[in-house]
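How do helices pack against each other?

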Amino acid sequence: MINSAYQDLENFYDVVILPPPPRKPKGKPTVEKYVQFLETHLLEDLKEKVYYSIEDINHDVQQKIADINNEKRTSESLSKMESFLRYDKPQMKPLAGESFLLCDYKYFTRVPNNYHLLYDDHYYSVLYTYYNQPAILKATMAEIRICDRNNKLICTHRRSYKDFPKYITKPEHMAPEHQYYKEVNSKDGAYYKRWASSIGPYMTKLIDAVLLAPQHEEQAYNSCNGILHMCKNQSKLMLEDIAKTCVESNACRYSYFKKLLKNVQGSHSSLTTSSLPEHSNLRGKEEYR
């Protein structure tokens, strides 16, 4: 199996990594043979001389490597350099334009039920459908990448170095019911007052009274949200009359507003569906038989 770090290296350079099979590997002895060859023909020669700088030893290493690559075992055989130029070099592809960036890898056996993964004292969100599944977190200096069990990228975050907030969450990662409560809780009293002012002054007074009713303003947000959502696609004049009735009756409550709105809508529908009055100029259905 190729671990995720080698898999990222493989994808970056667009190559194929073939791990040697267990127990009886065939590729590993070939590599070790050339390591032994260099130890014999390179290191042994370098031991004959004392070096006082890196530049001097690098010069001799390059010269001896060139001699080894150009050496022919027989007059008919190809040297290592000739074999490279004939077979290997035509198949080579250009390297990537930038260096491979090694990440700090952290493996999770399962995504917790709050679908956030802990790294460096911060919590980064992942799509909620990955709950209870393995995940891999890869951290660079500027970015957090989260992958699934198959090392496929799920999402990215900008890495945070601030003390707060601790939770780095993308709204699209949240479950639908969590998105709803986040939307509701993100609204404050000023938001509902602005919404009410778009309907009229009495609606603004109604919302003000609803916000002031409980000990803490936050406890009234659901009531304000419910009242104003009932106002959608309704006549502003009708809504202002209902709000005026609530304010003058000192009954600024969600339940009372809902009751009045239902009564007005019921009476309006009964008027529109009632039969026409009797009149000499009106003909009934009998005239069309």
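Axes are lines fitted to C-alpha atoms, for helices over the stretch in contact, and angles run from 0 to 180 degrees between N-to-C directions. Helices (H or I, at least four residues) are DSSP runs, numbered from the N terminus. This is a predicted model: local features need pLDDT of at least 70, side-chain atom pairs count only at pLDDT 80 or more, and totals for chains, interfaces and linings use all residues. Residues are numbered from 1 along each chain as its sequence is written, and side-chain values use heavy atoms, leaving out hydrogens and water.

**Helices α2 and α3**

- Helix α2 spans residues 28-46, and helix α3 spans residues 54-70.
- Their axes come within 11 Å and cross at roughly 140°.
- That makes α2 oblique to α3 (under 35 degrees is roughly parallel, over 145 roughly antiparallel, 65 to 115 roughly perpendicular, and the rest oblique).
- From α2, the contact (heavy atoms within 4.5 Å) takes in F37, L38, H41, L42, D45 and L46.
- From α3, D60, V61, K64, I65 and I68 take part.

**Helices α7 and α9**

- Helix α7 covers residues 201-212, and helix α9 covers residues 236-248.
- The axes of α7 and α9 come within 8 Å, crossing at roughly 45°.
- α7 and α9 are therefore oblique to each other.
- On the α7 side, P201, Y202, M203, K205 and L206 make the contact.
- On the α9 side, L239, E240, A243, K244, C246, V247 and E248 make the contact.

Technical notes:
Helices (H or I, at least four residues) and strands (E, at least two) are DSSP runs, numbered from the N terminus.
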